[in-house]
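Q: I am new to this structure and would like to go through it step by step. Could you show it to me?

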Amino acid sequence: MGEDIQRLYSAGMRLTSDAHRLLASREDVKHVVDKLLVANLVFVTKEDVEKVISQESKLPTPVEVARSPSFKPSAKDFTPRVKVVQDEDVSGKSRCTGTMDDFVVYFRNRFERMQKLLRARTNSNPFVKSSRLRQNAMQKAILVAMVIGKRITKKGDMVVEVEDDEGQALIFVSAKEKCFKDAKALLNDDIVAFEGKITETFLIAENLMWPDIPVLKERNYTKNDVAIAYLSDLHVGSKFFLEKEFMKFISWLKGNEGNEELAGKVKYIEIAGDVVDGIGVYPSQEKELIVRDIYKQYEMFTKLMDEIPDYITIIVSPGNHDAVRRAEPQPQLPPELLKESRALSIGSPSRLDIEGLRHLVYHGTSLDSIISGISGLSYAKPEEPMLALLKRRHLSPIYGGNPIVPEAHDYMVINDEPDVVHMGHIHKNGSMLYRGTLLLNSGTFQARTEFQVRMGHVPSPCIVPILETASGKLTHLSFKGEETAISR
Ligand SMILES: [Fe+2]
Ligand SMILES: [Fe+2]
């Protein structure tokens, strides 16, 4: 028996002999088996196999859109300038086996690198380790430590329990202190610097410092007058994927939908994950799929990418719906899924230099735990939880909030100061300029799902942020409805 058919038996399914014969005769037996596994039947008849095969042949193919004959894209004259920072991309480097030692090494790496960032932020008072606090009683000092707990006292002040690489300490934050507001936002596992006076029992905080972005960081611009279009969360294969609207975006890139000058400037398209809907990502997902074969979903995705003009560089990183490991950091999508597509495949998170602008691309899976962990944050304004991550200089500060692979190098630390931070996952557009860094959430091309209706979450589909890199001008284009609406 072929090993693909064996997978059905291993899943507890039984085949009639004509179903078995039909399957065994097919060259695409692997795809058909994948689809049958999703259908989760007990007895598989010949008719079941035929049904799956007929669905397969009905794979939607994008309608080709011709380039407007008068369209002269300026981006065509530039050679692409993209450089991936290989040291900060886990692809091909994952060495973790998940042992206890791996966790120790991971946390040590995280602490050391965050400590370095925090120490570079200030030099007003001497740094002290938790083990040396008593020797320095009555002095003013700075302690860099990880939060392991916090509580409010009867008088309304706060005691924060912290830990560094030499031991533990208690920080007292008076409700009257300016830094009390920041202390309230502290999450477990946050690594921050507390500055204040040391007593026998506490360090009495006068100041709390996040690793943050320096106040004086200036915004960067590029020499070449080109544009980058940011996408995420296409969810190809889902019945909610808005293909018609996506094709309108492609038609716009080809000079057919107005605003040709901006369309002609687009030299790069960066896609921050969830390019397909995947299979088995959540219970009963198969009811919301039109394409129930993961390979076919990627085939559809690459066909859409092929429609994008060839002078545009496409960069793709994965999300939690994509067919790579779910735990982060996620490696790049394997080449067999992207086939002959010219897309540059990178991990999530990744750092890359586009025309000299330092990009941090991350799908944004941890935004869920950040939104539920810090009061005042919501799905309606994705730029705010994104800022909470940037200030912490860490993409997944709550350990256990979303699955993390404890690699020896913590890829989730935001080591360099990015010019653009691009995320998706929330399905809601948002942007903010913070100390010269542009925070962008690129929304989605998926309509509101039943799950989102139940959660009361309102996405903003078909709105594409486009950055003109020489001027820093950001334009949000809507490809919903009849007209291409432009909002700035
Ligand atoms: Fe998504
Ligand atoms: Fe996602």
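**Domains, helices and loops**

A: Seven residues of domain 2 are in contact with six residues of domain 3, contact meaning heavy atoms within 4.5 Å. The model is predicted: local features need pLDDT of at least 70, side-chain atom pairs count only at pLDDT 80 or more, and totals for chains, interfaces and linings use all residues. Residues are numbered from 1 along each chain as its sequence is written, chains are lettered from A and ligands numbered from 1 in the order in which they are written, and side-chain values use heavy atoms, with hydrogens and water left out.

Q: Into which domains is the protein chain divided?

A: There is domain 1 (3-57), domain 2 (74-93 + 216-487) and domain 3 (122-209). These bounds come from an automatic or database domain assignment.

Q: How far apart are the C-alpha centres of domain 2 and domain 3, and what area is buried between them?

A: The C-alpha centres lie 37 Å apart. About 470 Å² is buried between domain 2 and domain 3, and carbon and sulfur atoms give 52% of that. Buried area is the accessible area (1.4 Å probe) that two parts lose on being put together, summed over both.

Q: How many salt bridges are there between domain 2 and domain 3?

A: The count is one salt bridge, defined as a side-chain nitrogen of Lys or Arg within 4 Å of a carboxyl oxygen of Asp or Glu.

Q: And in the whole structure?

A: A search of the whole structure finds 17 salt bridges. Among them, the side chains of D190 and R392 meet at 2.9 Å, N to O. Another pairs R113 with E88, whose closest N and O atoms are 3.8 Å apart. R113 lies in helix α5 (residues 100-119) and E88 in the loop between β3 (82-84) and α5, so this pair ties together parts that are 25 residues apart in sequence. Helices (H or I, at least four residues) and strands (E, at least two) are DSSP runs, numbered from the N terminus.

Q: Turning to helices, how do α1 and α3 cross?

A: The axes of α1 (residues 3-10) and α3 (residues 29-39) come within 9 Å and cross at roughly 10 degrees. The two helices are therefore roughly parallel to each other, a term for angles under 35 degrees. Axes are lines fitted to C-alpha atoms, for helices over the stretch in contact, and angles run from 0 to 180 degrees between N-to-C directions.

Q: Which residues make that contact of α1 and α3?

A: D4, I5, R7 and L8 of α1 meet V29, K30, V33, D34, L36 and L37 of α3. By class, the contact of α1 with α3 has six nonpolar, no polar and four charged residues. Ala, Val, Leu, Ile, Met, Phe, Trp, Tyr, Cys and Pro count as nonpolar, Asp, Glu, Lys and Arg as charged, and the others, Gly among them, as polar.

Q: Now the loops: where is P329 found, and what kind of peptide bond joins E328 and P329?

A: P329 is in the loop between β11 (313-317) and α10 (335-338). A cis peptide bond joins E328 to P329, with omega about 0 degrees.

Q: What about S348 and P349?

A: A cis peptide bond joins S348 and P349, with omega about 5 degrees. P349 lies in the loop between β12 (344-345) and β13 (350-354).

Terms used:
Angles under 35 degrees count as roughly parallel, over 145 as roughly antiparallel, 65 to 115 as roughly perpendicular and the rest as oblique.
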